[in-house]
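Subject: Structure handover

Hi,

Here is the structure I promised to pass on. Please open it beside this email and follow along.

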Amino acid sequence: MKNTKIQLAISVVCVVLGLMIAIQFRTVKQSIGPVTEYRAREIATQLKKVREERDNLLALKNDYEKKISEYEDAEAQGNLASRIIKEELEKARIIAGLVDVEGPGLNILLDDLKFLEHYSYNIIDYTDLLEFINELNAAGAEAVSINDERVISRTEIRQAGLHINVNTIKFAPPFAIKVIGEPKTLEAALRMRGGIVERLESKGIAISITQQQSIIVGKYNGIIENKYSRMVKEGDSN
Amino acid sequence: MAFIFGFLITIQLKLNITPEGIITIQRLLDMENDVNNVLSEINNLKQSVAEAGQKLKEYELNIDDDGSIYASMENELKKIRNYAGLEKVEGSGIIITLNDSLESFEDAINPELFLIHDIDVLEIVNDLKAAGAEAIAINGVRIISTTSIKCGGPTININNSRHATPFVIKAIGDAKTLEATALAPDGYIDWMEYSGIRINVKKVENIVIDKYTDIPRINYQKIVEGGV
């Protein structure tokens with residue numbers, strides 16, 4: 001008898017206690033809520049605006065480059081010497097990574113599917129990407145991009161906390177790698193026994209590779225500064 | 001029991017009330033990162049737009065002058081070839097020399113550590129790029145975007161040429177910054193020295209780096225139709 005009364009009392013106290021704690025949580029949540037939502041809307045607007053500005057600049061650059069090319073083509077019609085120079089220019093632009101290129105190749109995705117479970121670290125680190133690109137190069141890759149950042153001779157792949165910097169742009173997984181080259185050779189090199197795919201998959205990285213008949217690898221849009229190096233004037237450079 | 005019950009009921013009531021959906025701090029940080037990335041791109045684009053505009057103007061002026069842009073194209077070709085690594089260059093920088101460890105590793109747990117591997121050279125070159133190196137060569141071989149560095153037994157293959165130690169890495173750039181990056185405590189070279197790999201880093205006033213001489217890889221890629 002007395003026991004039931006006490007049990008009832010304790011139950012009531014517990015319910016009240018539960019309600020009180022829940023209300024505390026709710027208050028804390030609400031004080032983060034509106035501020036976060038406001039900031040999110042603010043950033044989303046800012047993101048949209050800067051993307052527009054970036055796209056406009058890109059369109060302008062492409063427009064200038066097209067006109068430049070027209071002048072060069074017109075000149076090349078004129079005589080053999082000009083035609084040869086135009087061809088050399090195009091070759092040099094391709095090798096330098098300064099033009100959009102297309103050809104057969106692979107579409108690759110590297111992802112850390114469990115990122116949210118262990119978000120204090122990333123199982124894909126910069127060394128993995130470095131080795132991956134190296135493997136592609138060893139297998140004859142002609143043009144490579146990571147998340148549409150073109151890999152040129154000066155491109156660094158650097159750890160920046162949870163992100164990886166490519167051409168100073170910060171990325172988090174997934175990493176989309178596009179490569180132009182002989183598709184079968186490229187894929188075979190990646191999937192070799194004891195090769196890079198095997199090693200990364202055993203670490204828990206999800207990798208998908210698709211052969212493409214035609215893939216576009218975009219051009220490098222950054223700047224190339226020559227502050228410390230200068231061309232050597234040679235007697236007869238070819 | 002009742003405590004948990006009361007708690008759960010209240011939480012349920014509150015969770016269903018938020019109108020905008022779940023805005024997490026992580027998503028906010030991601031968006032902020034996106035904004036920063038795009039701002040970086042805009043900065044770079046402003047510069048390259050200015051350069052392209054200038055080139056166009058130069059061509060236009062040439063046509064007005066003598067109807068030919070041949071001379072301009074010659075200059076442009078030199079400039080682009082330099083960007084592509086197809087020109088010999090010189091300038092200040094550093095020279096890093098790597099030699100296998102001299103220590104006896106017969107009883108070592110992992111003799112692999114006493115040798116220089118392709119990943120070591122890859123990492124060092126990557127660090128140099130991050131530190132702004134404008135031109136890099138290993139044992140005289142110019143490094144470009146398609147260069148691969150692979151172990152081939154006792155030697156290392158840089159593209160198709162085989163090289164044995166010592167590995168001499170030359171880099172042109174801000175000598176102070178390059179040296180600081182190479183010698184950084186807890187940096188890659190610092191870590192390598194633990195296993196006795198002999199490393200020497202020195203600043204040099206004038207380094208000459210040869211142009212890339214291998215066959216350029218233009219067998220599969222071609223400029224996009226309608227592109228430049």
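The contact between the two chains takes 91 residues from chain A and 87 residues from chain B. Keep in mind that this is a predicted model.

Which elements of chain B give two or more residues to the side that touches chain A? There are helices: helix 1 (2-15), helix 2 (25-66), helix 3 (70-83) and helix 4 (118-130). There are also strands: strand 1 (89-99), strand 4 (149-152) and strand 9 (222-223). Helix 2 of chain B gives the most, with 23 residues. Sorted by class, this side of chain B has 42 nonpolar, 25 polar and 20 charged residues.

The chains also meet through strands. Strand 9 of chain A (residues 229-231) is joined to strand 1 of chain B by three bridges. The two strands run antiparallel. Look for Met231(A), which stands opposite Val89(B) in strand 1 of chain B.

Now chain B by itself. Chain B has six helices and nine strands. Of its 228 residues, 33% are buried. Take the contacts in chain B with a separation of 6 or more: 73% of them are between residues 24 or more positions apart. The domain assignment gives domain 1 (19-83) and domain 2 (90-209) in chain B. The centres of these two domains, taken over C-alpha atoms, are 32 Å apart.

Next, the core. In soluble globular proteins, nonpolar side chains tend to be buried together. Here the largest nonpolar core has 89 residues. Val144(A), Val121(B) and Ile136(B) have the most contacts inside this core. Helix 2 of chain A (residues 80-96) supplies the largest share, six residues. What does Val121(B) touch, not counting residues up to four places away in sequence? The partners are Ile116(B), Ile138(B), Ile149(B), Ile156(B) and Phe167(B).

Is Ile172(B) buried or exposed? A residue counts as buried if 20 or more other C-beta atoms lie within 10 Å of its own. Ile172(B) has 29 within 10 Å, so Ile172(B) is buried. Ile172(B) and Gly93(B) are 79 residues apart in sequence, yet 4.2 Å apart in space, C-alpha to C-alpha. Leaving aside neighbours within four places in sequence, Ile172(B) is in contact with residues of chain A, including Tyr228(A) and Ser229(A). Its contacts in chain B include Val89(B), Gly91(B), Ala133(B) and Ile207(B).

Best wishes

Note on methods:
Residues are numbered from 1 along each chain as its sequence is written. Chains are lettered from A and ligands numbered from 1 in the order in which they are written. This is a predicted model: local features need pLDDT of at least 70, side-chain atom pairs count only at pLDDT 80 or more; totals for chains, interfaces and linings use all residues. Two residues are in contact if their C-beta atoms, placed from the backbone, lie within 7 Å. Helices (H or I, at least four residues) and strands (E, at least two) are DSSP runs, numbered from the N terminus. Ala, Val, Leu, Ile, Met, Phe, Trp, Tyr, Cys and Pro count as nonpolar, Asp, Glu, Lys and Arg as charged, and the others, Gly among them, as polar. Two strands pair if DSSP finds at least two bridges between them. A nonpolar core is a set of buried Ala, Val, Leu, Ile, Met, Phe, Trp, Tyr and Cys residues joined through C-beta atoms within 7 Å. A residue is buried if 20 or more other C-beta atoms lie within 10 Å of its own, exposed if 12 or fewer, and partly exposed in between; C-beta atoms are placed from the backbone. Domain bounds come from an automatic or database domain assignment.
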